[in-house]
Every structure is written in C-alpha cells, then in structure tokens.
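Subject: Structure handover and notes

Dear colleague,

Please find below the structure that I promised to pass on to you.

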Amino acid sequence: MYLQRMITTGGRARPRSAGLVVALLALLAFLAACGLPHDTDGSLDRIRSDQLLRAGAAHHPPYVAADGSGEPAGSEVELVEQYAEHLGADVEWEVDSEAALIEELEAGRLDIVVAGFEDTSPWAEQAAFTRPYLEQVEGPEATKRAHVMATRMGENALLVDLERWLDEHAGDSA
C-alpha cells in the first residue's frame, strides 16, 4: 500500500491528516507554553497589577459622548468600564481628539482608545484594532459598519484578551 501511494503521488508520500493535526496541536501547546501572545511592554500585566486601565475617549455619539465634563459616556465607554472590571481595574479617562489620543496611545500613555472607530479607520497604521465587535447595516444602500477599539501596537496579550472579552460581552449592546 505504501509503495502504491508513493507511485500515485509521484514518489512522495503525503502526510496523513491525523499527523498534521497532532503537529498543529503540538505547535499550539508550545506557543502557549512560551506565553504567547505577549505584550512588548507588559500592558496587560501592568493593568492587572496596578488595577488601572488608562483609556482615551473621543466624541463620537452614540458610541462616545464627551461633553467636556471630564467623564465620557456612551456604549463604548460602558464596554471599556466593564472590561476594566473584568481585569479588576479602575478606568482613568482622558478625553481629547482622535489624533491626540492616538498619539498618547503610541507613546504608551494610554492602553485603549474608543471613538466610534470602524475597521476602515485611517488610524490603522498607528494603532492595533480589535476584530469588529459590532457590525451594523445602515442606510438605504445597506452600508456595513464594523466597529472596533484601538490598543497600542505590540501589546498583543492585551489585544487578544480584549477581543475575547468583546466576543463574549459586546455585540448588539453597543
């Protein structure tokens, strides 16, 4: 049978799918043992140890309403506060323009930014966006809007943890 398989595949034996599955599982176990994903600057660990999530919010109703009172409101603000609770942290808010907040995020002074971002945002080169946590179809042309949140580039453990949490807790609530 082995010889017949070699003849029908041009002299090369094909790996069996079970062997491939075992190899993939071994690779996943290895990556998990290595602590992947990890944050280049340890954001997720710092948030948990300091019990403080530094978040930025830019006015974009109904997702973020920043009226100058210092404390933002809106569906994304509520999601960030619930996520912080999941981490055992309080939220320290900074309210400013998208550009200023993305700059603070890049500098490492913020952990997450919400501003009604969509997955087509021009900020995608300066920030790591979550997978869409909310997809809506709007208008007569049925325009699809996929909403995301921004984290700092390289803070992969934070990004993955936030995405998992959003997968379980967001959706139609925003």
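This is a predicted model: local features need pLDDT of at least 70, side-chain atom pairs count only at pLDDT 80 or more; totals for chains, interfaces and linings use all residues.

Residues are numbered from 1 along each chain as its sequence is written, and side-chain values use heavy atoms, with hydrogens and water left out.

Helices (H or I, at least four residues) and strands (E, at least two) are DSSP runs, numbered from the N terminus. Five strands form an open sheet of mixed pairing, in the order E2-E1-E3-E7-E4, where two strands pair if DSSP finds at least two bridges between them. The edge strands, each pairing on one side only, are E2 (90-95) and E4 (128-129). E1 and E3 pair in the parallel sense over three bridges, and the bridge partner of Ala 57 in E3 is Val 114. Helix H5 (residues 98-106) lies across E1, E2, E3 and strand E7 (150-151), and runs at about 165° to E3; axes here are lines fitted to C-alpha atoms, for helices over the stretch in contact, and angles run from 0 to 180 degrees between N-to-C directions.

In helix H3, Ser 43, Leu 44 and Ile 47 are buried, where buried means under 20% relative accessible area, exposed over 50%, and partly exposed in between (1.4 Å probe, protein chains only). Seen down the axis of H3, these buried residues fall within an arc of 100°, so they line one face of the helix; the arc is that of the directions from the helix axis to the C-beta atoms. Asp 45 and Ser 49, on the other side of H3, are exposed. The buried residues of H3 pack against E1, H4 and H6, with contact taken as heavy atoms within 4.5 Å. Gln 51, which follows H3, has a positive phi, near 55°.

A nonpolar core is a set of buried Ala, Val, Leu, Ile, Met, Phe, Trp, Tyr and Cys residues joined through side-chain atoms within 4.5 Å. The largest one has 26 residues, of which Val 80, Tyr 83, Met 149 and Leu 166 touch the most other members. At least two residues of this core come from each of H3 (43-50), E1 (52-57), H4 (75-87), E3 (112-114) and H6 (156-169), and H4 gives the most, with six residues. Leaving aside residues up to four places away in sequence, Met 149 touches a set of residues including Leu 79, Val 80, Ile 112, Phe 129 and Leu 166. A second, separate core of 12 residues includes Leu 105, Val 113, Ala 115 and Ala 127.

Rings of Phe, Tyr and Trp (its six-membered ring) pair if their centres lie within 6.5 Å, and planes under 30 degrees apart count as stacked, over 60 as edge-to-face and the rest as tilted. By this rule the count comes to two aromatic pairs. Tyr 83 and Trp 165 form an edge-to-face pair, at 5.7 Å centre to centre and with 65° between the planes. Tyr 83 lies in helix H4 and Trp 165 in helix H6, so the pair ties together parts that are 82 residues apart in sequence. Tyr 83 counts as buried at 1% relative accessibility, and Trp 165 is buried with a relative accessible area of 6%. The rings of Phe 117 and Phe 129 have centres 5.5 Å apart and planes at 50°, so this pair is tilted.

With best wishes
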